Amino acid sequence: LPYLNHSIPLYRSEAAFAFGTLQDSSAYDELYKLLSDPDIYTQRSAAFAIGQLNDTTKGVDMIAAIQKEKNPIVLASQLEALGKLISNQQKTFLEDYPLSDSVVNEGLAWGLYYTSIRYRNVNYDKAKGNIKHNTKRVEKGMQLVSVSNPYSVRYPAAHFLSQMDPNFDLTPYLSQIQDLLSKENHPIVYCGLLTMMRRVDSTKRVDALSEAFNHADYRVRVT
């Protein structure tokens, strides 16, 4: 614990990372202070450690830190951590978060991915507008997985989309998914996009899957 306040930045950073590895909440107050540390690597380690706590009560604090943060490297770490902390009621924060440079977008994509894993089996009430809520998630993911973004962004975005609510029908997005597949040249991202077809009407996805069966990469053919 004393190393979190050490005069050497590397010690503070490594100590914060260690607390994250241990998923130890006893140092939360000190870790939160380190989100404002003058050393960006210490800030990143602190964000990671807080995210590893997997505690939704800490989501509000991380959102407050994100709203004040200006450094894209730190911001990316905070957005990723938020995906592990955010409550079901706070999910729209990440969905509404504006796209930025590739560094920030990578953190946002990972944050959305972790959120999807956490809440993928939550039942959505159509009468209360959650279909629109899911639509926002798809549209954000489609923007992040565009080939105009680097692999570091497309990879988590594709797997975020693959973890969408299993009850959400993606048939209206079939042409967009096909377009993304036709432009994607990385097999791992391609696989993530391909899994979206599970949520497309089976009578309409056969043609779209035919190219995948003949793909050069075995991982794509297996998917």
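This report looks at one residue, Ser77, and at the largest pocket of a predicted model.

## About the model

The model is predicted, so local features need pLDDT of at least 70 and side-chain atom pairs count only at pLDDT 80 or more, while totals for chains, interfaces and linings use all residues. Residues are numbered from 1 along each chain as its sequence is written, and side-chain values use heavy atoms, with hydrogens and water left out.

Let's start with Ser77, which sits in helix α5 (residues 72-85); a helix here is a DSSP run of H or I with at least four residues, numbered from the N terminus. Is Ser77 buried or exposed? Ser77 is buried, because its relative accessible area is 13% (buried means under 20%, with a 1.4 Å probe and protein chains only).

The side chains of Ser77 and Arg44 make a polar contact at 3.2 Å (a pair of N or O atoms within 3.5 Å, one able to donate a hydrogen and the other to accept it; residues adjacent in sequence count only if both atoms are side-chain atoms).

## The largest pocket

Ser77 and Arg44 turn up again here: along with Ile73, Ala76 and Glu80, they lie nearest the centre of the largest pocket, which 18 residues line. A pocket is an open set of points on a 1 Å grid where a 1.4 Å probe fits, with protein on both sides within 12 Å along at least five of seven lines; lining residues have an atom within 4 Å of a point.

Which helix gives the most to this lining? That is α3, with seven residues.

Notes. Helix = DSSP H or I, 4+ residues; strand = E, 2+ residues; numbered from the N terminus. Buried < 20%, exposed > 50% of the residue type's maximum accessible area, 1.4 Å probe, protein only.
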